[in-house]
Amino acid sequence: MDFTFNDEQSLIRDQVEQFIQRDYDWETRQSFISSDLGFSADNWKTFAELGWLGISLSEESGGFGGTAIDTMIVMEEFGKGLVLEPFLETVVMSSGLIDMAGSPEQKKDILSEVVEGRMQLALAYAEPQSRFNLSDVMTEAKKEGDNFVLNGFKSVVMNGPNAHQIIVSARTSGDQRDEKGISLFIVDAKSSGLSLRDYQTVDNRRASELTLESVTVPTSSLIGELNQGLKVLESSIDRSILAISAEAVGAMEVLYKTTVEYTKTREQFGTPIGKFQVLQHRMVDMFMEYEQCKSLLYMATMKHDESSPDAKKAISGLKYQVGNASKFIGQQAVQLHGGMGVTDELNVGHYFKRLTTIGTIFGNSDHHLKRYTAI
Amino acid sequence: MDLSFSKEDLDFRQDVVDFLDNNYPDDIKERQDKRLPLDKEQNIRWQKILSNQGWFAVNWPEEYSGTPELTLTQKYILQNVLAEYNTPVQLPFGVGMCGPVIYTFGTDKQKEQHLPSILNSDVWWCQGYSEPGSGSDLASLKMRADKEGDHYLINGSKTWTTLAQHADWIFCLVRTETTSIKQEGISFLLVDMKTPGIEVQPIITVDGSHEVNMVFFDNVEVSCENLIGEEGQGWNIAKFLLQHERSGIAGISSLKRELSRLRDLSATTIVDDGNLLDDPSFRAKIEQTEIELTATEFTELRTLAAMSSGGSPGAEASILKIKGTELQQTISELFVEMLGYYAHPFFTENELGSNESIGPEYAGPVMPLYLNRRKVSIYGGSNEIQRNVISKAILGL
């Protein structure tokens, strides 16, 4: 057993850490939010130059053969900086899926563009009625000659506004919630019949409602086998849970440390409020929640990379814990900062908001407790 | 001990229902039903409607309100029916806070000047308590009021001042003397917001709204006639007022309405081939919240009953503050949980009014409310401070 990073991994961590400290100060980050993209195109270029965009892709896809551990390292540092750039959406969720199941042509056409920083992707898996059930799919794809024709609606597609290509889960056979009969398609965002309603989300990221009206794609847009998409989708989401949990752990670390520092300097009743035992114990609990999440994160990520038979269960256990801890740490960081904690000006509220959405994305604690029990 | 309503009580209930059926304005109802904030004019208009009926300053003695005081049961019924109709929550600063201070501690002249305009909602009040360096430790406040002849000269700043952007007057705690016991040098002063030297600066909160403000005072001249009570009596007045604030803060009847709405909407929220209300873990949270809410409702009723037979709301009011605010937060959190991904699209208040919603019709204001409600365990004396009050005053620790 070994919980240390190897030399290459330490190097990546130092590199990302330096980037956050040097190029991602709070004012700069805030200026990205109101820009057209919602993040920095220059930063994205930097990510490509530093090789981060290919970090988790296999070498045959033009990546660097990284593991979920490598992705975890990057995402944890991103969580500390509350990075807005859609690394999760483009690299982890979407490219990871194509890397896993795509045809050689799809890998060549799309992944090399992603690695070079020229292409943004999104994964459209949720529907208004589906909640967290990946197999609840009403969007349909019908074979017509050499094409598939897609009709349906996808909700809260993260990074939808900036995606050049969108991966869509659609039903090609069976009933609404059947596990079999789901297929995955790569759809050009400019396709006729495809429309997006774009908006900002509460964590200052971007998403879209996606409507598909007789969108025609060639059969070569199918990712993997017909009717067998759920398995691929599920494993892509599982890897994404590991990544977003790493982001959460990074954000939790910043929040508990910021809170501890604040209570050392904020004086009331003639003493720093950090001297009050009731607040000390609260912060101890925040710290312990963070440590517990980190332990589950390491465990589940290693199990995933070792293809352990209980990796799925470990991932649901992790997401359950991360959901609960995100809420507790976020809420208490705000509470202990008092009025300042609820201002838009202070970074604490922004970390709190991102931890709030992370609690829901890919399924909340209730959902993953059920999945954990069922596996 | 008896929980039933008399025939008179039931008649009163019918009166309230009839009144609301005929007098609750459509435009206000529409904003309320969509969970959108009211503008200043709408707030004032609604308060005037209640006031004309004698149902606005229900806690004021008849001498000042001009209408016979309702019984405890009638107040309970009124609150509940108002909440069932989802009418606007009363803004407490004038009628709930400044009014009682003036009729309890003020001079005849002050009563004459201010009470009628509070009763008619002609003057909008805000509260100048917290300062950047004085939050939980309110008594450490530094804003100075130095006596110069017939007026005070005020210098300093107040923060978290709710809706100061609309206010005509502010009631302030100021330091008139530097004393070894910091509470003894505090005085209670009324200030016209139009006085030269006052500047209001917005604070934007995590939900993107402008509700609270910083208020700066730079050599602001205030007549000594605006002092309430004696110099140095401000802290006792503040304590009196905090107890009033706490006993009204729980807002139990609105929470009952919110919880029943949560229950109804969760039954329409699809989960696989069923709905969210049938989901055992979500259902359990709703039922647990209902039990806690019922307990808090009856704790409030017991406290009010003790008050109406001559007691004053003491540290028991802290229980209501803690439980009431925790319930507000829990319920807003369950709404977020119910929405799943559709809690994430985010629009400002203005956008919400003019845009079609994303996801279920009720989705838009849900996340902003959750974020906004983080403040309720902080303001009005943080819940940590309230627990200190209970531990000292009730448990004797």
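**A walk through a two-chain predicted model**

Let's start with one residue, B:Asp272: it counts as partly exposed because it has 16 C-beta neighbours inside 10 Å. For that label, a residue is buried if 20 or more other C-beta atoms lie within 10 Å of its own, exposed if 12 or fewer, and partly exposed in between, with C-beta atoms placed from the backbone. B:Asp272 also has a positive phi of about 50°, although it is not a glycine. You will find B:Asp272 in the loop between strand S9 (270-271) and strand S10 (274-275) of chain B. Helix and strand names come from DSSP runs (H or I of at least four residues for helices, E of at least two for strands), numbered from the N terminus.

Residues are numbered from 1 along each chain as its sequence is written, and chains are lettered from A and ligands numbered from 1 in the order in which they are written.

Now for chain B as a whole. It has 14 helices and 10 strands, and its C-alpha trace spans about 75 × 50 × 50 Å along the principal axes. Why do we say its radius of gyration agrees with a compact globule? Because a compact globule of 397 residues would have a value near 21 Å, and chain B has 22 Å. That radius is taken over C-alpha atoms, and the globule rule is 2.2 Å times the number of residues to the power 0.38. Of the 397 residues of chain B, 41% count as buried.

Chain B is divided into domain 1 (7-90), domain 2 (124-233) and domain 3 (250-393); such bounds come from an automatic or database domain assignment. The C-alpha centres of domain 1 and domain 2 of chain B lie 31 Å apart.

Over to chain A. There are 11 helices and 10 strands here. The radius of gyration of chain A is 21 Å, close to the 21 Å the globule rule gives for 375 residues, so chain A is as compact as a globular protein of that length. Its C-alpha trace spans about 80 × 45 × 45 Å along the principal axes, and buried residues make up 53% of the 375 residues. Among the contacts in chain A with a separation of 6 or more, 73% are between residues 24 or more positions apart; a contact here means that two C-beta atoms, placed from the backbone, lie within 7 Å.

The domains of chain A are domain 1 (7-119), domain 2 (122-227) and domain 3 (231-374). Between domain 2 and domain 3 of chain A, the C-alpha centres lie 30 Å apart. Their contact takes 10 residues from domain 2 of chain A and nine residues from domain 3 of chain A.

Which parts of chain A do the buried residues of H8(A) pack against? They pack against helix H4 (68-81), helix H7 (229-265) and H9 of chain A. Among those buried residues are A:Met286, A:Tyr290, A:Cys293 and A:Leu297. An α-helix has 3.6 residues a turn, so residues three or four places apart point the same way.

Just after H8(A) comes A:Ser307, with a positive phi of about 50°. A:Ser307 lies in the loop between H8 and H9 of chain A, and it counts as exposed because it has 7 C-beta neighbours inside 10 Å.

A:Arg197 stands opposite A:Glu209 in S7(A).

Finally, where the chains meet. The contact takes 33 residues from chain A and 33 residues from chain B. On the side of chain A that touches chain B, the elements giving two or more residues include strand S6 (194-200), strand S7 (206-218) and helix H10 (347-360) of chain A. H10(A) gives the largest share of that side, four residues.

Technical notes
Predicted model: local features only at pLDDT ≥ 70, side-chain atom pairs only at ≥ 80, totals over all residues. Pairing = 2+ DSSP bridges.
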